[in-house]
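Please look through the model below before reading my points.

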Amino acid sequence: ALGREILRKYEPWLKPRAQRVIYFVRRHPGMLVPPGNPLGIKTIKDIVRTKARFINRQRGSGTHLAFERMLQDQGIDRAEINGYYTEEFTHLAVAAAVASGVADVGIGIEAAARRLKLDFIPLFLEDYYLLGKRETIERNDIENIVASLKSPKFAEQVRGIPGYDTTRTGEIANVSDVI
């Protein structure tokens, strides 16, 4: 999952023997398209093939980094994407651009797509972690936070957000297990 890719980026600053991670949530970003997907976009290559007007997340965001990585992995030059450098700062702003017809496709999260009644094509998984020193994570107050994360109430609240998963929420792991 992408969370591991992002963690690898920070690997020089991670201290696997001294730090631990707590799984937080997993989400499934993808492409947001108008209802009925009029251009028939199913893959990133379809964005290029159809010359669709694309709207990106801002540089530096995890979603932007992941999309950039997918382009590299598939051998697609960002210059082939019409609108690659058109960016928005929130997933909802990307969804609004697609919903209003400013863009034909955008990269974002399912929750934003559903909120504006757009179709959604999942592309990848992102894992989110909480990182801390081993001795900090073993403190009672942090154990209470972990217990809250594992609670049915937290899981129920997150389940209400389309595209989010709490299957592993609250699990504690060694940094080396996730990078």
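1. Start at the end of helix α4. Gly-101 follows α4 and has a positive phi, near 90 degrees. Helices (H or I, at least four residues) and strands (E, at least two) are DSSP runs, numbered from the N terminus. This is a predicted model: local features need pLDDT of at least 70, side-chain atom pairs count only at pLDDT 80 or more, and totals for chains, interfaces and linings use all residues. Residues are numbered from 1 along each chain as its sequence is written, and side-chain values use heavy atoms, with hydrogens and water left out.

2. Stay with α4. Which residues of α4 (residues 91-99) are buried? They are His-91, Val-94, Ala-95, Ala-97 and Val-98. Buried means under 20% relative accessible area, exposed over 50%, and partly exposed in between (1.4 Å probe, protein chains only). These residues cover an arc of only 155 degrees around the axis, so they sit on the same side of α4. The arc is that of the directions from the helix axis to the C-beta atoms. An α-helix has 3.6 residues a turn, so residues three or four places apart point the same way.

3. Next, the nonpolar cores. A nonpolar core is a set of buried Ala, Val, Leu, Ile, Met, Phe, Trp, Tyr and Cys residues joined through side-chain atoms within 4.5 Å. The largest one has 19 residues, and Ile-47, Phe-67, Ile-81 and Val-105 touch the most other members. At least two residues of this core come from each of β2 (30-33), α2 (44-50), α3 and β5 (105-108). Helix α3 gives the largest share, four residues. A second, separate core has 13 residues, including Ala-97, Ala-112, Ala-113 and Phe-120.

4. Ile-81 lies in the loop between α3 and β4. Its relative accessible area is 4%, so Ile-81 is buried. Contact means heavy atoms within 4.5 Å. Leaving aside neighbours within four places in sequence, Ile-81 is in contact with Ile-44, Ile-47, Val-48, Phe-54, Phe-67 and Leu-71.

5. Thr-63 is in helix α3. Is Thr-63 buried or exposed? At a relative accessible area of 1%, Thr-63 is buried. Beyond its neighbours within four places in sequence, Thr-63 is in contact with Arg-27, Arg-57, His-91, Ile-107, Gly-108 and Glu-126.

6. Now the charged pairs. How many salt bridges does the structure hold? There are 10. A salt bridge is a side-chain nitrogen of Lys or Arg within 4 Å of a carboxyl oxygen of Asp or Glu. One of them joins Arg-59 to Glu-87, with the closest N and O atoms 3.1 Å apart. This pair links distant parts of the chain, 28 residues apart: Arg-59 is in the loop between β3 (54-57) and α3 (62-73), and Glu-87 is in strand β4 (residues 87-88). Arg-59 counts as exposed because its relative accessibility is 61%.

7. Two further bridges. Glu-68 pairs with Arg-78, the closest N and O atoms being 2.6 Å apart. Glu-68 is in helix α3 and Arg-78 in the loop between α3 and β4, 10 residues apart. Glu-68 is buried at 15%, whereas Arg-78 is partly exposed at 34%. Asp-141 and Arg-139 also meet in a salt bridge (2.6 Å, N to O). Asp-141 is partly exposed at 38%, and Arg-139 is partly exposed at 41%.
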